[in-house]
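Me: I would like to learn how to read the cavities of a protein, and I would be glad if we could go through them slowly.

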Amino acid sequence: MPNTILITGATGNISSGIIAQLKGSEHSLRALVRNPEKAEELRRQGVEIWVGDLEKPWTLGPAFEGVDTVWILSPPGPRAPEQCSNALWAARQGGAKHVVRMSAFGAAHTAPTINSRLHALSDAELVASGIPFTLLKPHYFMQNLMMAAQSVAQQGTMYFALADGKMGLIDSRDISYFAAHVLTTTGHEGKTYTLTGPASLSMHQIAAAIGGAVGKTVTYVPVSIDNALQSMAQMGLDDWMANLMCDYFKAYSANWGDMVTDDFQRVTGKAPRSIEQFARDFHGAFGKQ
Ligand SMILES: NC(=O)c1ccc[n+]([C@@H]2O[C@H](COP(=O)([O-])OP(=O)(O)OC[C@H]3O[C@@H](n4cnc5c(N)ncnc54)[C@H](OP(=O)(O)O)[C@@H]3O)[C@@H](O)[C@H]2O)c1
């Protein structure tokens, strides 16, 4: 049955991928954006654009009015729980029948990273809301590896503060695909899906896969958390974000992320993309000088 689906975070990585999946479907799509100029391409594609700011709850009402299904995504930040709370309240006021939320791998009140603990607050609020919900908890995005594209291209080297930790990283295109599936099929209410790729890998194994795709030796060089913090400061990352990244580096170095699930394949019937597929698809970025 055709539904009206509201996508928040519509100009970002995951949500724009969801829109690309749902474009042309029987469903009526709304995109919530802060800046309509950034949404021109979406408008051209026939998506209804609604302007609203998740930190300004008084701007949200019209976009959420009469929607059936809501996708809630907010960027990492100290105000993420407030943003999600505002979206959830607007969803309730608008009469939403199903809310699907982008959480994160390991989200829990006792998690070692602040981002995971903030996600746990929003997850808990959604679960307690009484609105039928689905939580997606995706692992580390393969696309984060793009931050090493320049050093791979120039020196054949990847620097990360991940020691020999392994993690079940996932291609972010698969997260969008999975979310689009959950938003448009039944049977997901009350479920939490932990989304991983097909294998838990160390950075050495990831470097080898990227090397295979670009046709040269790529070496992973582990760096200390202090060095990573310094480089992020030099790159202009704010303290909150840099420390959030360090939380993850410490946790993943200690193998907190060493796991995979079969949730993606079980629900979609498709295998998630492997690191080799990711490396092949983006070999241009890792090969460009
Ligand atoms: N990176 C990872 O490895 C990883 C793994 C698991 C989970 N996650 C989770 O993934 C989420 C981020 O997803 P993403 O990469 O798709 O994010 P993203 O590309 O940074 O996109 C964020 C979106 O949120 C919008 N936004 C920001 N502030 C807003 C506000 N106040 N009101 C309305 N919209 C606002 C942005 O709009 P503008 O264009 O206006 O800025 C943008 O469309 C986070 O919750 C993160 O914890 C990440």
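Reply: Let us start with the lining of the second largest cavity, which by class has three nonpolar, four polar and one charged residues. Here Ala, Val, Leu, Ile, Met, Phe, Trp, Tyr, Cys and Pro count as nonpolar, Asp, Glu, Lys and Arg as charged, and the others, Gly among them, as polar. Please keep in mind that this is a predicted model, in which local features need pLDDT of at least 70 and side-chain atom pairs count only at pLDDT 80 or more, while totals for chains, interfaces and linings use all residues. Residues are numbered from 1 along each chain as its sequence is written, and side-chain values use heavy atoms, with hydrogens and water left out.

Me: Which residues line the second largest cavity?

Reply: On a 1 Å grid over the protein atoms alone, a cavity is a set of points where a 1.4 Å probe fits but cannot get out, and lining residues have an atom within 4 Å of a point. In this case they are Ser-74, Ala-80, Cys-84, Arg-101, Asn-115, Leu-118, His-119 and Ser-122.

Me: Which element gives the most to the lining of the second largest cavity?

Reply: Helices (H or I, at least four residues) and strands (E, at least two) are DSSP runs, numbered from the N terminus. Here α5 gives the most, with four residues, and α4 and α5 each supply at least two.

Me: What volume does the second largest cavity have?

Reply: A volume is the space filled by probe spheres set on the grid points, which are joined across faces, edges and corners. For the second largest cavity this is about 30 Å³, whereas the largest cavity holds about 40 Å³.

Note on methods
On a 1 Å grid over the protein atoms alone, a cavity is a set of points where a 1.4 Å probe fits but cannot get out, and a pocket is an open set with protein on both sides within 12 Å along at least five of seven lines; lining residues have an atom within 4 Å of a point.
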